[in-house]
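Hello,

Here is the structure I said I would pass on. Please have it open while you read the notes below it.

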Amino acid sequence: MHPTTAKLKARLKLPVIASPLFIISNPELVIAQCKAGIIGSFPSLNARPLSQLDEWLHRLSTELTDADAPYAVNLIVHKSTDRLMQDLDLVVKHKVPVIITSLGAREDVNAAVHSYGGIVLHDVIDNRFAKKAIEKGADGLIAVAAGAGGHAGTQSPFALIQEIREWFDGPLALSGAIATGDAVLAAEAMGADFGYIGSAFIATEEARADQGYKDMIVASGAADIVYSDLFTGVWGNYLRPSVVAAGLDPDNLPKGDVSTMNFGSGGNTDAKAWRDIWGSGQGIGAVKAVLPAAELVARLKREYDAARARLLGGQG
């Protein structure tokens, strides 16, 4: 096992990274995830104003111990993020263990995190972007395959993981419709080190999501997901009923404009992405109820162990 992968897995009860959920992830959810034995995370931009990020990071560093899984902070490094360097300063101040970078790879950001021994994971949608991220100093990758919630790629996870593993042996997480322990084990079987789970955690008690959003996750399945670039200018997966509720036809959405991307502003439509148009991946058919995050992780662990036992039993 790669040393960085081993370092990330050392305190985990399950090889899972909870993805950062824009607006939704908060300290309560992250703490519950980490104490349940998976890497919890949140986007730095969820903490508004900037002073709140300092408060959140202080709380996480105080309440989480070496007995818990490490936590991660997501930095959006796209040029539209006007407070990136201020967020980065706070990340360095609090020595955040894991940083997840999105929408661009920055050598200066990676160097700043490495200055205190932090680990950088960068999310990518294809092999070309994966190579660029590692060339610029990222320690690991998050392969965002077809079916992932939010800003997602279109490639099969089998193809994406296979191509990356031809040249990269470091930490690799797989994102894309993973909502069961069986899927986490499948991700490992195809070459990933971690399952990357987001949408299932929207329907948890700690998540800072509208109750209607949580209920819609529980009531929906893969057929209820719409793939569009209208709402932020970047292609992503969204819940069809939320698109309909915004007065739009999910089967006839106009093309978006990436130049208008501004997280939380709405970008190309009056209906704001994440606030009105709710993101989700295709794996939500496995979500049957709103639960405490610890119960969701416990369910994933039971499924993971059962899947392993089933496969090992078949070898006899």
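One term first: buried means under 20% relative accessible area, exposed means over 50%, and partly exposed lies in between (1.4 Å probe, protein chains only). Helices (H or I, at least four residues) and strands (E, at least two) are DSSP runs, numbered from the N terminus. By that cut-off, helix H8 (residues 181–189) has these buried residues: Gly-181, Ala-183, Val-184, Leu-185 and Ala-187. After H8 comes Gly-191, with a positive phi near 125 degrees.

This is a predicted model: local features need pLDDT of at least 70, side-chain atom pairs count only at pLDDT 80 or more, and totals for chains, interfaces and linings use all residues. Residues are numbered from 1 along each chain as its sequence is written, and side-chain values use heavy atoms, with hydrogens and water left out.

The sheet

The sheet is open and has eight strands. Their order is S1-S9-S8-S6-S5-S4-S3-S2, with parallel pairing. Two strands pair if DSSP finds at least two bridges between them. At the edges are strand S1 (16–18) and strand S2 (40–43), each pairing on one side only. From one strand to the next, the twist averages 25 degrees.

Now look inside the sheet. Strand S3 (residues 71–76) and strand S4 (residues 98–102) run parallel and are joined by five bridges. Opposite Asn-74 stands Ile-100 in S4. Helix H4 (residues 84–94) packs on the sheet and touches S3 and S4. The direction of H4 makes about 160 degrees with that of S3. Helix H5 (residues 107–114) also packs on the sheet, touching S3, S4 and strand S5 (119–124). The direction of H5 makes about 150 degrees with that of S5. Axes are lines fitted to C-alpha atoms, for helices over the stretch in contact, and angles run from 0 to 180 degrees between N-to-C directions. Contact means heavy atoms within 4.5 Å.

A helix pair

Helix H2 (residues 27–36) packs with helix H3 (residues 50–63) at an angle of about 25 degrees. Their axes are 11 Å apart. H2 and H3 are therefore roughly parallel to each other (under 35 degrees; over 145 is roughly antiparallel, 65 to 115 roughly perpendicular, and the rest oblique). From H2, the contact uses Pro-27, Glu-28, Val-30, Ile-31 and Lys-35. From H3, it uses Trp-56, Arg-59, Leu-60 and Glu-63.

Loops worth a look

Ile-24 lies in the loop between S1 and H2. Is Ile-24 buried or exposed? Ile-24 counts as buried, at 6% relative accessibility. Leaving aside neighbours within four places in sequence, Ile-24 is in contact with Asn-46, Ile-202, Ala-207, Arg-208, Ala-209 and Tyr-213.

Pro-49 is in the loop between S2 and H3. The peptide bond from Arg-48 to Pro-49 is cis, with omega near 5 degrees.

Lys-95 sits in the loop between H4 and S4. Its phi is near 50 degrees, a positive value in a residue other than glycine. Lys-95 is exposed, with a relative accessible area of 55%.

Ala-177 is in the loop between strand S8 (172–175) and H8. Ala-177 is also a residue other than glycine with a positive phi, near 65 degrees. At 36% relative accessibility, Ala-177 counts as partly exposed.

Best wishes
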